[in-house]
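Let's take a friendly walk through a protein model. Have the sequence and the 3D view open as you read.

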Amino acid sequence: MGIFLKRATAQMDGSSVEVEAAVRTILAEIADGRDEAIKRYSREFDGWERDDFRVSDDEIRTVERSLPETFKEDFSYCRRQVTEFARHQLDSLREFEVETEPGIVLGQKLIPVSSVGAYVPGGKYPLISATIMSVGTARTAGVGHVIGCAPPRDGEGIFPHTLYGMHACGADEIFAIGGVQALAAMAHGYVGMRPVDLITGPGNAYVAEAKRQLFGVVGIDLLAGPTEILVIADDSADPALVATDLLGQAEHGPDSPAWLVTTSRRLGEAVLVEVDRQLEVLPTAETAGTAWRTLGEVVVVDSDDEAIEVSDRYAPEHLELMTANDDYFLANLRNYGSLFVGAESTVAYGDKGVGTNHTLPTRRAARYTGGLWVGKFIKTVTYQRLTPAASRGIAPIVSRICEAEGMPAHRITADVRYMRNWEDGA
């Protein structure tokens with residue numbers, strides 16, 4: 001699998017037994033104590049206490065007035081980019097009806113989910129753009145009711161830019177509540193919320209585990225772990241730019257892996273030097289440096305095809321291309337959350353608002369799923385309609401299949417229709 005110029009010294013952790021047990025306990029206590037349990041956990045985890053977690057219209061207006069117009073304009077631009085792309089995705093879906101043989105009509109309908117809970121994390125970095133990715137995309141899909149949830153910061157309520165973002169993107173209600181308790185409230189309808197059908201949004205390990213355990217009670221977008229980046233580069237790439245993009249994602253946290261796959265040993269070695277140089281001046285060097293030292297990798301391969309093979313095995317969340325053959329990679333790569341083609345494209349653009357959604361699969365889940373998109377908020381459902389003659393024609397076939405499966409009640413439903421149509425002269 002190529003030659004490692006640098007190999008990770010630690011493994012990416014999945015959900016730990018301790019996290020799983022803690023979340024199970026919290027969810028069980030909330031199911032028993034409901035509103036009071038949520039208030040208790042909000043005091044314990046966030047130092048936040050109020051009778052009504054719902055953000056008032058007056059609070060929203062105060063935040064709107066306080067934020068600079070430049071931010072509002074920038075946010076509006078990013079929102080338009082993301083929702084316009086989501087609208088094009090929606091247009092690519094279609095309802096249809098087809099007569100597969102005389103008298104048998106089958107169809108497909110597209111029905112938006114009725115209600116969605118959009119969680120926006122507020123940890124080390126308040127992900128303002130997550131409001132667009134969840135709330136904005138849900139609105140574009142036609143979701144009837146959207147609840148926005150974000151944790152309070154420093155006992156002062158939701159980060160102002162996040163609160164503004166949820167409101168600007170069309171959230172019907174916004175609640176200042178975070179973590180596991182926020183997801184439980186949305187799923188079950190506590191502290192004044194109506195229960196939702198689908199929960200979306202990133203979060204820490206506890207939030208991800210809560211989504212996993214609540215799946216089935218509600219739908220979820222996907223289970224997203226720490227962010228990842230893989231760059232495929234060759235001799236044509238700028239080592240400094242490659243290093244910059246690797247560190248751009250590594251600053252998310254000490255558990256964020258950054259990988260380089262290259263056909264050029266010279267480039268790989270130059271990137272290693274550049275990363276060290278940039279870490280000397282990077283403001284978030286403590287975090288990014290830890291991630292790079294423990295989880296960063298540089299792999300030298302013999303060919304473009306081997307680079308594709310290695311990348312597909314990693315199945316990264318974010319995949320950047322900086323090669324002389326970008327179109328070849330675009331045509332042949334299979335496993336990634338989102339692809340950034342060419343040196344002028346970068347993960348930060350996708351994260352903040354170039355148009356593609358930033359909620360993406362991690363931990364090799366890109367092998368079997370894409371990221372959040374407008375279709376996640378749409379139920380694709382089917383229907384059938386048969387004439388009496390068509391029903392009489394298929395009834396004996398289905399009857400015999402039911403008999404072979406040992407399901408007599410099923411068989412009878414087909415036999416009855418055969419006899420009814422025979423008697424009616426169908």
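Keep in mind that the model is predicted.

Start with helix 3, which covers residues 69-92 and has 24 residues. From its first C-alpha to its last, helix 3 reaches 35 Å, close to the 34 Å expected at 1.5 Å a residue. Its buried residues include Phe 71, Phe 75, Val 82 and Ala 86, and also Lys 72 and Gln 89. What do the buried residues of helix 3 pack against? Their partners are helix 2 (57-66), helix 4 (130-141), helix 5 (160-168) and helix 13 (347-352).

Next, find Gln 181 in helix 6, which spans residues 179-188. A polar atom of the Gln 181 side chain lies 3.0 Å from the backbone oxygen of Gly 178. Leaving out residues up to four places away in sequence, Gln 181 touches Ile 30, Ile 38, Tyr 41, Ser 42, Phe 45 and Asp 46.

Now turn to Leu 386, which sits in strand 14 (residues 378-386). Here is how the two residues compare in accessibility:

| Residue | Relative accessibility | Class |
|---|---|---|
| Gln 181 | 1% | buried |
| Leu 386 | 32% | partly exposed |

Gln 181 counts as buried because its relative accessibility is 1%, and buried means under 20%.

Leu 386 also belongs to a nonpolar surface patch of about 370 Å², together with Ile 394, Ile 397, Val 398 and Ile 401. Which helix gives the most to the nonpolar patch? That is helix 14 (residues 388-405), with 4 residues.

Definitions and conventions. Residues numbered from 1 in each chain as written. Predicted model: local features only at pLDDT ≥ 70, side-chain atom pairs only at ≥ 80, totals over all residues. Heavy atoms only, no water. Helix = DSSP H or I, 4+ residues; strand = E, 2+ residues; numbered from the N terminus. Buried < 20%, exposed > 50% of the residue type's maximum accessible area, 1.4 Å probe, protein only. Polar contact = N/O pair within 3.5 Å; in protein donor to acceptor, adjacent residues only side chain to side chain. Contact = heavy atoms within 4.5 Å. Patch = residues over 30% accessible without salt bridge, like charges linked within 9 Å, V, L, I, M, F, W, Y side chains within 5 Å. Areas by Shrake-Rupley, 256 points an atom, 1.4 Å probe, with all protein chains shown as cover. Salt bridge = Lys/Arg side-chain N within 4 Å of Asp/Glu carboxyl O. Expected span 1.5 Å × (residues − 1).
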